[in-house]
Amino acid sequence: MPFKPSSVVPPLARPQLSGARRVRAAELSGQGRSGAEIARMLGVSEESVRRWRRVWEEGGADALRRRPATGRPPKLDDAQAGRVRTALEQGAQAHGFEADLWTLERVGLVAGRVTGVVLSRASVWRLLTGRLGWSLQRPERRAVERDESETARWIAHEWPRIKKGR
């Protein structure tokens, strides 16, 4: 599985969207809108709107915002993740691999060499896709014998003739 950096800015994740929805519900409630109207506008249940209104009245808008996820912290800190990114950007061949393709196993080996931390395949995947913003890329399979100029000629001359049925 080769990987490469993604140039696409990731969309808001579900927790970020739901936090924004809760804050928007509080704003609409502050404008005097009814719970049913807010629920329709945001596509949620009236009970959710009532619950969010209670939280807002007790703790303000900050109480409605997203809280950081609980759980085990990442194995690599930001500096280590940056060092892994730098190593990966050098390419796989710079780290002694025959082909210049990154796989989860190869990234795990390089991350271990650079940081001294052993990562599972799942941790490598989270590092690549979540923290580094890389995405899965699959190489195109093409015949070694492929002749690009002959293919272009065939598409330009032969294909229109065949398509017309001559």
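Author: Start with the buried residues of helix H3: Ser48, Val49 and Trp52. Keep in mind that this is a predicted model. Why do the buried residues of H3 line one face of the helix? Look down the axis of H3: its buried residues fall within an arc of 95 degrees, so they share one face. An α-helix has 3.6 residues a turn, so residues three or four places apart point the same way.

Now turn to the other side of H3. There, Glu57 and Glu58 are exposed. Exposed means over 50% relative accessible area, and buried means under 20%.

Next, the helix as a whole. H3 covers residues 46-59, which makes 14 residues. From first C-alpha to last, H3 reaches 20 Å, close to the 20 Å expected at 1.5 Å a residue. After H3 comes Gly60. The phi of Gly60 is positive, near 80 degrees.

Where do the buried side chains go? The largest nonpolar core has 19 residues. Leu88, Trp102, Leu119, Leu127 and Leu128 touch the most other members of that core. Helices H5 (78-89), H6 (104-115) and H7 (121-131) each supply at least two of its residues. A second, separate core has 10 residues.

One last stop is the largest pocket, with about 220 Å³ of space. Its lining includes Leu119 and Leu127, two residues also named in the largest core.

Definitions and conventions. Residues numbered from 1 in each chain as written. Predicted model: local features only at pLDDT ≥ 70, side-chain atom pairs only at ≥ 80, totals over all residues. Heavy atoms only, no water. 1 Å grid on protein atoms, 1.4 Å probe; cavity = no way out; pocket = protein on both sides within 12 Å on 5 of 7 lines; lining within 4 Å. Points joined across faces, edges and corners; volume = space filled by probe spheres on them. Helix = DSSP H or I, 4+ residues; strand = E, 2+ residues; numbered from the N terminus. Expected span 1.5 Å × (residues − 1). Buried < 20%, exposed > 50% of the residue type's maximum accessible area, 1.4 Å probe, protein only. Arc of directions from axis to C-beta. Core = buried A, V, L, I, M, F, W, Y, C linked by side-chain atoms within 4.5 Å.
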